Amino acid sequence: MSDFNRVLVLGTGPVSIQIAVLLKTYLKSCVGIAGRESVRSAPFFEALNENDHWINVVVQNDKHRRLEGRCQLEQVFHGYAAVTGEWDTVILAVTTDAYIQVLRQIDVQVLKQARCMMLISPTLGSNSMVRHYLKGIQSDAEVISLSTYLGDTRWIHERPSNQVKTTGVKKVIYAGSSRLPSANVGKLRELYANLGMALKVMDSPIEAESRNISLYVHPPLFMNDYSLRVVFKEEEAKKYVYKLYPEGPITVQLIRDMRSYWKEISIMLEKMKLSTVNLLKFMTDDNYPVRPESLSRHDIDHFTGFGPIHQEYLLYVRYASLLIDPFSQPDQEGRYFDFSAVPIRQIYVNKEGYWDIPRMPKEDYYRIKIIQGMARITGSSTPTLDKFIATYESKIENTLQKFKDERLSDAFIVQSFEEDWRRIGEEFVNK
């Protein structure tokens, strides 16, 4: 019997709906969804109840039509503590920092019966952390890490409901399992092939987790004085994530930090006897390409062998080449699509009435603190990573003082996440 016969998806975001439709359509799974009850999730549960648990996915581009579909969920659980029944596979489609918090709310017997657990968008070390937790409850479930979610999916009407739209799809996703060979990973490979995507299987989960571009580019792009002034409303003028200074944060120094930070992660991975990433190749081949006139194949393939200044130059050229979409059609004035015009989002009042920090850099703070903990365990020096964290933590502490009479979310608390990275370290020691 397949481990995808009965699947429970944890999370109430657009990603959960897209995953559920794919499981029902291609693997003929019996699917349930569970999520925490909150002001934010209330419209989602309400829409499911009003539509007899039917969910719907549409796509923006015809070439992604294979991701479209409509299906009926077998079960919906309001709150993780409400989960009952036997589930072969549990899929974590919640934010990475919430993995253990969510698992703790689910009945231990439900988790112990599951034979597989899948992490949709983990960070470096998430698989080890979840395995450590499962061992603590006497579960020997296979844990599969995907490098990232398959694309970009959002609510159709910009508010939680039973309908979503997938606007973009990745070409390649990486997967790693705690158990190789893995029949479940083989099933996933078939599923992704049906969708027109490649699923590349890595030798270990952490190598798959390291193939997430956000891991390498978000901290340098967001955890600097320029971007954080915008994020925390000290700068009102609109600024853009991927633009060169002064329209955006990208300077020679930011690129220098990006390269140094990538090297720090690479050295840590090498100490763990894991394969590393050619950053420029990963950016261009797996994410968004540039014209060969801007970056040659030779420079991309041999990036890791060049000196620091040569590497910094090539990274700067890459970002400069993507200020516009080089593959878009120019208008009558010769202007190409303004590809880099992604606004830096600012702090906002969330649906619960608390000031909150946008997903970028809030999620990146968790990611980078986990990497810092892993670096300490492996004895790796990370001065650039440490600088990012110090800059970010200083900003949230200053903002805490300015907003001391306001209602603030937990995102404004300086945290160590020590329990999580210690779980990762113990799992590696005991392998």
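Predicted model: local features only at pLDDT ≥ 70, side-chain atom pairs only at ≥ 80, totals over all residues.
Two strands pair if DSSP finds at least two bridges between them.

**View 1. Strand β8 and its partner β11.** Strand β11 (residues 172–177) runs antiparallel to β8, and 3 bridges join the two strands. Within this pairing, I144 stands opposite S177 of β11.

**View 2. Strand β8 and its partner β7.** Strand β7 (residues 116–119) pairs with β8 in the parallel sense, over 4 bridges. Here C116 is found opposite E142 of β8. Together with helix α5 (residues 126–136), strands β7 and β8 form a right-handed β-α-β unit.

**View 3. The open sheet.** The sheet has 8 strands, in the order β5-β2-β1-β6-β7-β8-β11-β12, and its pairing is mixed. At the edges stand β5 (75–78) and β12 (198–201); each has a single partner strand, so one side of each is left without a neighbour in the sheet. From one strand to the next, the twist averages 20°.

View 4. Strand β2 (residues 30–35) runs parallel to β5, and 4 bridges join them. The bridge partner of G32 in β5 is Q75. Helix α2 (residues 42–50) lies across β2 and β5 and runs at about 145° to β5.

Methods: Residues numbered from 1 in each chain as written. Heavy atoms only, no water. Right-handed = clockwise from strand over helix to strand, strands pointing away. Axes fitted to C-alpha atoms, helices over the stretch in contact; angles between N-to-C directions. Contact = heavy atoms within 4.5 Å.
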